[in-house]
Amino acid sequence: TIELPASILGLGMPKLAPLKLGGKVAIDIERLSMNRTSLQGEVTIRWLAASSALLPDFPFGDYELSFRGEDLVSSGVLRTLKGPLLLSGETSRADDGSPVMPVLVRVPAQYQSQLAPLLRMVSVEQGEGLFALQLKN
């Protein structure tokens, strides 16, 4: 397991940088190989004790992005392990071949007043407690 500060997420996904993310990122690589056109293997990335410096007293929980298969770029699945934000998303390839991941964020009613202003900074509000975020490199 490789562990890094969660601030690294803002470097890899600049859209998230304004959130000043905290916690730690744990990367587990079960197997990994590559050829000229793709990466294959099993990789799991967990964001643990997730937080934001903008809401220092609010624990966000734990989240997981797992990649399995012959084309890791287009096999990622995002899910909530525990916490108030219900995240879901799957990676795919854009027309130019670059990785993209549309993410849906559901916020339960009791957390909307705290979390909605933060989520509006990086996503589009789709309805009451529902936000859409497009992550890409």
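In this predicted model, 42 residues line the largest pocket, and Leu9, Met13, Ile45, Leu65 and Met101 lie nearest its centre. The volume of this pocket is about 1100 Å³. Its lining comprises 35 nonpolar, 4 polar and 3 charged residues. Several elements contribute. At least two lining residues come from each of α1 (8–12), β2 (21–34), β3, β4, β8, α2 and β10 (130–136).

The largest nonpolar core was examined next. This core holds 30 residues, of which Trp47, Phe60, Leu85 and Val105 touch the most other members. At least two of its residues come from each of β2, β3, β4, β8, α2 and β10. The top contributor is α2, which gives 4 residues to this core.

Tryptophan 47 was then considered individually. Neighbours within four places in sequence were left aside. The remaining contacts of tryptophan 47 are Ala6, Leu9, Leu21, Gly22, Gly23, Lys24, Val25, Gly61, Asp62 and Tyr63. One of these contacts, Leu9, is also among the residues nearest the centre of the largest pocket.

Aromatic pairing was searched across the whole structure, and 3 pairs were found. Phenylalanine 58 and phenylalanine 60 form an edge-to-face pair, with 5.6 Å centre to centre and 85° between the planes. Both phenylalanine 58 and phenylalanine 60 are buried. A further pair joins phenylalanine 58 to tyrosine 111. Here the ring centres are 5.6 Å apart and the planes stand at 80°, so this pair is also edge-to-face; the cut-off for that class is over 60 degrees.

The pair of phenylalanine 58 and tyrosine 111 bridges two loops. Phenylalanine 58 sits between β3 (39–52) and β4 (61–69), while tyrosine 111 sits between β8 (99–106) and α2 (112–120); the pair therefore ties together parts that are 53 residues apart in sequence. The two partners differ in accessibility class. Phenylalanine 58 has 9% relative accessibility and so counts as buried, since the limit is under 20%. Tyrosine 111 has a relative accessible area of 26% and is partly exposed.

Through ring pairs, Phe58, Phe60 and Tyr111 are linked into a cluster.

Note on methods: Residues numbered from 1 in each chain as written. Predicted model: local features only at pLDDT ≥ 70, side-chain atom pairs only at ≥ 80, totals over all residues. Heavy atoms only, no water. Phe/Tyr/Trp six-rings, centres within 6.5 Å; stacked < 30°, edge-to-face > 60°. Buried < 20%, exposed > 50% of the residue type's maximum accessible area, 1.4 Å probe, protein only. 1 Å grid on protein atoms, 1.4 Å probe; cavity = no way out; pocket = protein on both sides within 12 Å on 5 of 7 lines; lining within 4 Å. Points joined across faces, edges and corners; volume = space filled by probe spheres on them. Nonpolar A, V, L, I, M, F, W, Y, C, P; charged D, E, K, R; others polar. Core = buried A, V, L, I, M, F, W, Y, C linked by side-chain atoms within 4.5 Å. Contact = heavy atoms within 4.5 Å.
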